[in-house]
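Keep the structure in view as you read.

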Amino acid sequence: MTATHGDGPVLVTGASTGIGLAITRRLATHGIPVLAGVRKQADVDRLAEIADVEPIILDVTSAEDLERLGERLAGQPLAGLVNNAGVSAGGPLEELSPQQWREHFDVNLFGAVDVTRVTLDSVRRGNGRIVFIGSIAGRVGQPFVGPYSASKGAIRQLSASLRRELRMFGIWVALVEPGAMATEIWRKGG
């Protein structure tokens, strides 16, 4: 994203660590204002020290946080949305609980859907872009990370559908599918 593409800040979900933090820092370094969605107050305090970054509490699975985000934006234009928030827990299918499966889809897929729905008017107003952070695991299933692979495969299809839906409005939708990276998502284990 360039500063000249859209109007307003870029919202990055899952901005406390890993890819989300790297995106947040990169945008801010280039003078692009960022709304950095994080789940913990300690992360708000830490990210508030970065110029051009406004950290906000945003658990993508929280109806209250999503409502607060909608109120915060209230028609404000967004230059972009980066749906990055995600979780990953490993293990064989037979040992992963239904709750672990649901959590992956709640965060990795439905969280992205809900944030996109809440922000779409602002993205449209800002002539903005939407980026989904997927994974190569959404294209090529890997053993012992079934919920992660399945949820990222769903993100792949969501982004393809949304790309076609929003084309008529001039909204660019992209999917980034990185390979395995040494980020905190693998140490957090969900």
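What covers the buried residues of α4? The cover includes β1, α3 (63-73), β4 (80-83), β5 (129-133) and α5 (146-166), where contact means heavy atoms within 4.5 Å. Buried means under 20% relative accessible area, exposed over 50%, and partly exposed in between (1.4 Å probe, protein chains only).

This is a predicted model: local features need pLDDT of at least 70, side-chain atom pairs count only at pLDDT 80 or more, and totals for chains, interfaces and linings use all residues. Residues are numbered from 1 along each chain as its sequence is written, and side-chain values use heavy atoms, without hydrogens and water.

Helices (H or I, at least four residues) and strands (E, at least two) are DSSP runs, numbered from the N terminus.

In α1, the buried residues are Gly20, Leu21, Thr24, Leu27 and Ala28. They lie on the same side of α1, because they cover an arc of only 135° around the axis. The arc is that of the directions from the helix axis to the C-beta atoms. Arg26 and Thr29 are exposed on the other side of α1. The buried residues of α1 pack against β1 (10-12), β2 (34-38), α2 (41-47) and β3 (53-57). Gly31 follows α1, with a positive phi near 75°.

Back to α4. Its buried residues include His104, Leu109, Val115 and Thr119. At Thr119, α4 bends by about 50°, the angle between axes fitted to the seven residues ending there and the seven starting there. Asn127 follows α4, and its phi is positive, near 50°.
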